[in-house]
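Subject: Structure for you to look at

Hello,

Here is the structure I promised you. Please open it first, then read my notes below.

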Amino acid sequence: MMRLFHPITIGLGSIVLALALPAGTALAATGKFGWVGPKGRPYFIQNPPNSKCLTMSQEARAPHNSTKQTVAVYSGKHCDGRVTRLAPGKSAPSGTHFSSVVFNPR
């Protein structure tokens with residue numbers, strides 16, 4: 001029984017790993033998302049998660065989408081309020097303030 005268990009365990013582990021790797025790369029928007037924060041300082045996140053609402057903890061304005069996914073920025077927290085969509089490579093006007101963002105919105 002022990003001899004049979006080991007090859008089955010290795011086989012199942014390989015299948016799980018093979019299925020997990022492509023899914024892990026698809027869960028992030030490839031590239032950078034940048035904005036201007038307090039005191040005019042630039043901020044960015046690299047490869048942000050897809051389809052997850054991120055609420056900003058401080059002032060955020062002038063979003064720039066350098067990811068390969070569409071981005072939606074919201075005037076309110078928790079992805080509520082007025083929405084501005086940014087295609088890949090696009091920026092919102094410098095006066096655009098936002099409180100939350102979602103990458104690759106559904």
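Helices and strands here are DSSP runs, at least four residues long for a helix and at least two for a strand, numbered from the N terminus. The order from the N terminus is α-β-β-β-β-β-β-β. Please keep in mind that this is a predicted model.

Some overall numbers. The protein has 106 residues, and 27% of them count as buried. It exposes about 7000 Å², with carbon and sulfur atoms supplying 62% of that area. Take the contacts between residues at least 6 apart in sequence: 56% of them join residues at least 24 apart.

Now look at β1, residues 31-36. β1 pairs with β2 in the antiparallel sense over five bridges. Gly 34 has Phe 44 in β2 as its bridge partner. Val 36 stands opposite Pro 42 in β2. The two strands form a hairpin, with five residues between them. In that turn, Lys 39 has a positive phi of about 60 degrees.

The four-stranded sheet

The other open sheet has four strands and is antiparallel too, in the order β3-β7-β5-β6. Which strands stand at the edges? They are β3 (54-55) and β6; each has a single partner strand, so one side of each is left without a neighbour in the sheet. β3 pairs with β7 in the antiparallel sense, over two bridges. Thr 55 has Ser 100 as its bridge partner in β7.

The core

In soluble globular proteins, nonpolar side chains tend to be buried together. Here the largest nonpolar core holds ten residues. They are Ala 29, Phe 33, Trp 35, Met 56, Ala 60, Val 71, Val 73, Phe 98, Val 101 and Phe 103. Three strands, β1, β5 (71-76) and β7 (100-103), each supply at least two residues of this core.

Val 71 is worth a click. Leaving out residues up to four places away in sequence, Val 71 touches Phe 33, Asn 65, Thr 84, Arg 85, Leu 86, Val 101, Val 102, Phe 103 and Pro 105. Phe 33, Val 101 and Phe 103 in that list are also core members.

Compare Val 83

Val 83 sits in strand β6, residues 80-86. Why is Val 83 not counted as buried? Buried means under 20% relative accessible area. Val 83 has 38%, so this residue is partly exposed. By contrast, Val 71 belongs to the core, and a core is a set of buried residues. Val 83 and Val 71 are twelve residues apart in sequence and 9.9 Å apart in space, C-alpha to C-alpha. Val 83 touches Ala 72, Val 73 and Tyr 74, again leaving out residues up to four places away in sequence. Of these, Val 73 is one of the core residues.

Best wishes

Definitions and conventions
Residues are numbered from 1 along each chain as its sequence is written. This is a predicted model: local features need pLDDT of at least 70, side-chain atom pairs count only at pLDDT 80 or more; totals for chains, interfaces and linings use all residues. Side-chain values use heavy atoms; hydrogens and water are left out. Two strands pair if DSSP finds at least two bridges between them. A nonpolar core is a set of buried Ala, Val, Leu, Ile, Met, Phe, Trp, Tyr and Cys residues joined through side-chain atoms within 4.5 Å. Buried means under 20% relative accessible area, exposed over 50%, partly exposed in between (1.4 Å probe, protein chains only). Contact means heavy atoms within 4.5 Å. Accessible areas come from the Shrake-Rupley method with a 1.4 Å probe; for residues, only the protein chains shown count as cover.
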